[in-house]
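Subject: Structure for your files, with notes

Hello,

Here is the structure you were waiting for. My notes follow below it.

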Amino acid sequence: MNIPFLGNRRRNLQVRDPEGLAELLAECELLRSQVARAGVRLDDSPASLEALDQLVPGSWRDDEDTLTWLGNDVGLYLGTVVVRTVPGAVWEIRPDGQPVVRLASGREFDVVESGHAWAAGGVPELSQLYAEVAEA
C-alpha cells in the first residue's frame, strides 16, 4: 500500500535515541511486578537472570494473555541485561518492528523469541542464553 503522506516512515527504522530506546525496553512492568511478589529484585545484572531461572512457574502459564505479555517482558529484560553488560551490544528494531539485540560481531539475537520460550516452558534458561551471548 502506498500512502503518499506517510512517506517511507516504515522503512526508516534506525534508532535515533539509543539510550531512550534502551530505557523504554527496560521497563518490563509485568515481569517486574510478577517477580517482586516472589521476592526477586531485577537489577539488570546477569545474576538476576539466574534468580529468574529459579522461579517456580506461576499461574502465568495458565493464562494465554499473561503468558504472551510475560514472554515479551522476559525477552526485553534479557536484552536489557545483554545491552547493559556485554560490550558492543545494542538494541535494533527490525523492519517488522521486532526489537533485537545486535552484538559487536554483527550477530542478531531475538531476545523476545527467547523470552516466550522461557515463559512457556522454562527452557532454555535465561542465564544459559546470556552466557552464550556474552561469549560470542
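In what order do the elements of the protein chain run from the N terminus on? They go α-α-α-α-β-β-β-α-α, that is, 6 helices and 3 strands. Please keep in mind that this is a predicted model.

Overall figures

Of the 136 residues in the protein chain, 38% are buried. Among contacts with a separation of 6 or more, 58% join residues 24 or more positions apart. The chain exposes about 8,100 Å², and 50% of that comes from carbon and sulfur atoms.

The core

The largest nonpolar core has 35 residues. Leu31, Leu52, Leu78, Val82, Trp91 and Val101 have the most contacts inside it. Two or more residues each are given by helix H1 (18-25), helix H2 (29-37), helix H3 (46-53), helix H4 (64-85), helix H5 (111-121) and helix H6 (126-135). H4 supplies the largest share, 9 residues.

Leu52 shows how separate parts of the chain meet in one place. Leaving aside neighbours within four places in sequence, Leu52 is in contact with Leu31, Val35, Leu42, Tyr77, Trp118 and Leu126.

Helix H4 also holds Thr66. This threonine counts as buried because its relative accessibility is 19%, and the cut-off for buried is under 20%. Not counting residues up to four places away in sequence, Thr66 touches Leu30, Gln34 and Trp60.

In H1, the buried residues are Leu21, Ala22 and Leu25. Looking down the axis of H1, these buried residues fall within an arc of 100 degrees, so they line one face of the helix. As background, an α-helix has 3.6 residues a turn, so residues three or four places apart point the same way. The cover over the buried residues of H1 includes H4, strand S1 (90-93) and strand S2 (99-102). On the face of H1 turned away from the buried side are the exposed residues Glu19 and Leu24.

Which residues of H6 are buried? They are Leu126, Leu129, Tyr130 and Val133. Seen down the axis of H6, they too fall within an arc of 100 degrees, and so line one face of that helix. These buried residues pack against H3, H4, strand S3 (108-109) and H5.

The pairing of H3 with H6 can be described in more detail. Their axes come within 7 Å and cross at roughly 145 degrees. H3 contributes Pro46, Leu49, Glu50, Leu52 and Asp53 to the contact, and H6 contributes Leu126, Ser127 and Tyr130. By type, the residues of this contact divide into 5 nonpolar, 1 polar and 2 charged.

Loops and backbone

For reference, most residues other than glycine have a negative phi, and most peptide bonds are trans.

- Cys28 is in the loop between H1 and H2. Its phi is near 45 degrees, a positive value in a residue other than glycine. Cys28 is buried, with a relative accessible area of 4%.
- Asp44 is in the loop between H2 and H3. Its phi is near 65 degrees, again positive in a residue other than glycine. Asp44 is buried as well, with a relative accessible area of 16%.
- Pro124 is in the loop between H5 and H6. The peptide bond from Val123 to Pro124 is cis, with omega near -5 degrees.

The C-alpha atoms of Pro87 and Ala104 are separated by 7.3 Å, although the two residues are 17 apart along the chain.

Those are the notes as they stand.

Regards

Note on methods:
Residues numbered from 1 in each chain as written. Predicted model: local features only at pLDDT ≥ 70, side-chain atom pairs only at ≥ 80, totals over all residues. Heavy atoms only, no water. Core = buried A, V, L, I, M, F, W, Y, C linked by side-chain atoms within 4.5 Å. Buried < 20%, exposed > 50% of the residue type's maximum accessible area, 1.4 Å probe, protein only. Helix = DSSP H or I, 4+ residues; strand = E, 2+ residues; numbered from the N terminus. Contact = heavy atoms within 4.5 Å. Areas by Shrake-Rupley, 256 points an atom, 1.4 Å probe, with all protein chains shown as cover. Arc of directions from axis to C-beta. Axes fitted to C-alpha atoms, helices over the stretch in contact; angles between N-to-C directions. Nonpolar A, V, L, I, M, F, W, Y, C, P; charged D, E, K, R; others polar.
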